[in-house]
Amino acid sequence: MTAHVTVRELRAGLAKTLDAAEHGETTIVTRDGRPVAALVPVSMLQALENWEDEQLADIAKQRYQQYKGEGAINLTEMFAEILDEPK
């Protein structure tokens with residue numbers, strides 16, 4: 001379940017919101033009706049970071065194979081290409 005709280009509600013109920021995160025719940029924080037942040041369980045953040053690392057490693061392997069016969073590509077160029085790649 002995802003809860004939505006305003007910044008004011010978050011300030012007033014921070015302990016409750018942190019307890020919810022410890023129990024696996026995500027909370028969206030809004031300001032002026034717009035979402036501005038999310039409070040997520042640490043396990044979710046860690047899973048996202050692991051997934052991101054795996055994706056970057058896969059892209060790096062693909063680029064290495066692509067440039068293997070054409071000479072070297074340095075890490076800076078490779079990351080620029082990865083980060084500019086359209087989704």
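Where is the place of Thr30? Thr30 sits in strand S2, in what is a predicted model. The chain holds four helices and three strands, and along the sequence these follow the pattern β-α-α-β-β-α-α.

**Chain overview**

- The chain has 87 residues, and buried residues make up 20% of them.
- The accessible surface of the chain comes to about 7,000 Å², and carbon and sulfur atoms account for 56% of that area.
- Of the contacts between residues at least 6 apart in sequence, 25% join residues at least 24 apart.

**Strand S2 and its partners**

- Strand S2 covers residues 26-31; five of its six residues are buried, so the strand is largely enclosed by the rest of the structure.
- S2 pairs with strand S1 (residues 2-6) in the parallel sense, over five bridges.
- Within the pairing of S1 and S2, Thr2 stands opposite Thr26 in S2.
- S2 also pairs with S3 (34-39), here in the antiparallel sense and again over five bridges.

**Thr30 in detail**

- Thr30 has a relative accessibility of 14% and therefore counts as buried, since buried means under 20%.
- Apart from neighbours within four places in sequence, Thr30 is in contact with His4, Val5, Thr6, Val7, Pro35 and Val36.

**The S2-S3 hairpin**

- The hairpin of S2 and S3 has two residues between the strands.
- Asp32 is found in the loop between S2 and S3.
- The phi of Asp32 is near 55°, a positive value in a residue other than glycine.
- As background, most residues other than glycine have a negative phi.
- Asp32 has a relative accessible area of 71% and is therefore exposed, the cut-off being over 50%.

**Helix H2**

- Helix H2 spans residues 14-22, and Thr17, Ala20 and Ala21 are buried in it.
- Viewed down the axis of H2, the buried residues fall within an arc of 100°, so they line one face of the helix.
- The general rule behind this is that an α-helix has 3.6 residues a turn, so residues three or four places apart point the same way.
- On the other side of H2, the exposed residues are Ala15, Lys16 and Glu22.
- The cover over the buried residues of H2 includes helix H1 (7-12), strand S2 (26-31) and strand S3 (34-39).
- Gly24 follows H2, and its phi is positive, near 90°.

- Helix H4 is made of residues 75-84, and Leu75 lies in it.
- Leu75 has a relative accessible area of 53%, so it is exposed.
- Leu75, Phe79 and Leu83 make a nonpolar surface patch of about 320 Å².
- Leu75 and Ala60 are 15 residues apart along the chain, and their C-alpha atoms are separated by 9.1 Å.
- Which helix holds Glu81? Glu81 has its place in helix H4.
- Glu81 is at 25% relative accessibility and so counts as partly exposed.
- Glu81 and Ala60 are 21 residues apart in sequence, with 9.9 Å from C-alpha to C-alpha.

Note on methods
Residues are numbered from 1 along each chain as its sequence is written. This is a predicted model: local features need pLDDT of at least 70, side-chain atom pairs count only at pLDDT 80 or more; totals for chains, interfaces and linings use all residues. Side-chain values use heavy atoms; hydrogens and water are left out. Patches are made of residues with over 30% relative accessible area and no salt bridge: like charges are joined within 9 Å, nonpolar side chains (Val, Leu, Ile, Met, Phe, Trp, Tyr) within 5 Å. Accessible areas come from the Shrake-Rupley method with a 1.4 Å probe; for residues, only the protein chains shown count as cover. A salt bridge is a side-chain nitrogen of Lys or Arg within 4 Å of a carboxyl oxygen of Asp or Glu. Buried means under 20% relative accessible area, exposed over 50%, partly exposed in between (1.4 Å probe, protein chains only). Contact means heavy atoms within 4.5 Å. The arc is that of the directions from the helix axis to the C-beta atoms. Two strands pair if DSSP finds at least two bridges between them.
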